Amino acid sequence: MVYLWLIVGFVLLIKGADFFVEGSSSVAKLLRVPSVIIGLTVVAFGTSAPELAVSVTAALNHNNGIAVGNVIGSNIFNLLVVTGLSCMVMALPADKKIMNWDFLYSIVIAVALLAMIAFDRSMGRIDGVILMVLFAYFLYVTIRAALSGRAGAEEEIEVLSPLKSAVFIIGGLIAIVMGGDLVVDSASSIAAAFGLTENLIGLTIVAMGTSLPELVTSMVAAKKGENGLALGNVIGSNIFNILLILGVSSVLSPIRVTVFSSYDLICLILFSCVCWVMGKRKMKYTRFHGILMVAMYAGYMIYIIMRA
């Protein structure tokens, strides 16, 4: 029965995020907010909402292994599997702005996070505030660049009625919160039943489940030739995950971090550097690069399973 509740939790998380994005985008459009801002804020938050719900719920319940493992595991899954499968669908040109700013920023903040937890293996409220300040700076720079460089044409977004928008937003948020509770409780029960650590469950089952929105978004974008969206969605979500999700989680409730989380974070940094170099060399990701990324993820899975 616990597996059924886990699946129900994932469905609520993903569908709730969909409804929240659709309702919020509609309200933003009614208020004449530029579509580029909607994409960079509401939609980006929506695809990271499952991770946020799970990590915040886990932190408040003192399930620290799930809170941290979910973020690191999701970032590794996004980087290697989501990008890798997208490359295998269609070769992705590496956008210059993403490679020179967003991608490098994602590596820098991962190193900063490692520095925070390396000595006392914990994340306190001050650490959380620092991460949220870095997130605000990233959002400011990104929105300013997008507004200065956007074309005159506006992206078409379906505008719902104010009542329907409110129902979508409230219903989506309720589904996200309920889904987060179900996923954390179910994952904790599975870990206890099999004698597995919460960190392992967070790195695998929970991380993969909460990364489904990014996977679907990037795969569809790659198929349609929206190369910037396919890669930008992954890097943007990874930045959101570290800065916003761990920032909010540790501000609400200080988090104890295991030594294995430090090892996994080092793996994320190494994978990020390798993937950045691969894309930077010829400013594109080929199908061969995609196969290498998926192979690296398979190797990482073998490593954490053997470690467990």
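**Packing, salt bridges and a nonpolar patch**

Reader: In which helix does Val259 lie?

Author: This is a predicted model, in which local features need pLDDT of at least 70 and side-chain atom pairs count only at pLDDT 80 or more, while totals for chains, interfaces and linings use all residues. Residues are numbered from 1 along each chain as its sequence is written, and side-chain values use heavy atoms, with hydrogens and water left out. Helices are DSSP runs of H or I with at least four residues (strands are runs of E with at least two), numbered from the N terminus. On that numbering, Val259 has its place in helix H10.

Reader: How does Val259 count: buried or partly exposed?

Author: Buried means under 20% relative accessible area, exposed means over 50%, and partly exposed lies in between (1.4 Å probe, protein chains only). Because its relative accessibility is 31%, Val259 counts as partly exposed.

Reader: Which helix gives the most to the nonpolar patch?

Author: The patch covers about 500 Å² and is made by Val259, Phe260, Tyr263, Ile266, Leu270 and Tyr303. Patches consist of residues with over 30% relative accessible area and no salt bridge, like charges being joined within 9 Å and nonpolar side chains (Val, Leu, Ile, Met, Phe, Trp, Tyr) within 5 Å. Accessible areas come from the Shrake-Rupley method with a 1.4 Å probe, and for residues only the protein chains shown count as cover. With 5 residues, the element that gives the most to the patch is helix H10 (residues 259-282).

Reader: How many salt bridges does a search of the whole structure find?

Author: A salt bridge requires a side-chain nitrogen of Lys or Arg within 4 Å of a carboxyl oxygen of Asp or Glu. Under this criterion, the number found in the whole structure is 3.

Reader: What is the N to O distance in the salt bridge of Lys15 and Asp18?

Author: Both residues lie in helix H1 (residues 2-30), 3 residues apart, which is about one turn of the helix. Lys15 is partly exposed at 43% relative accessible area, and Asp18 is also partly exposed, at 41%. Their side chains meet with an N to O distance of 3.8 Å.

Reader: What is the relative accessible area of Asp264?

Author: Asp264 forms a salt bridge with Arg307, the closest N and O atoms being 3.0 Å apart. The pair links distant parts of the chain, 43 residues apart, with Arg307 in helix H11 (residues 287-307) and Asp264 in helix H10. Arg307 is partly exposed at 23%. Asp264 is buried, with a relative accessible area of 1%.

Reader: What is the handedness of the crossing of H3 and H7?

Author: Axes are lines fitted to C-alpha atoms, for helices over the stretch in contact, with angles from 0 to 180 degrees between N-to-C directions. Helix H3 (residues 64-89) and helix H7 (residues 198-210) pack at about 50°, with axes 7 Å apart. This makes H3 oblique to H7, the class left after roughly parallel (under 35 degrees), roughly antiparallel (over 145) and roughly perpendicular (65 to 115). A crossing is left-handed if the near helix is turned anticlockwise from the far one by less than a right angle, and right-handed if clockwise; that of H3 and H7 is right-handed.

Reader: How are H1 and H6 oriented to each other?

Author: H1 and helix H6 (residues 162-194) pack at about 155°, with axes 6 Å apart. H1 passes H6 in a left-handed crossing. The two helices are therefore roughly antiparallel.
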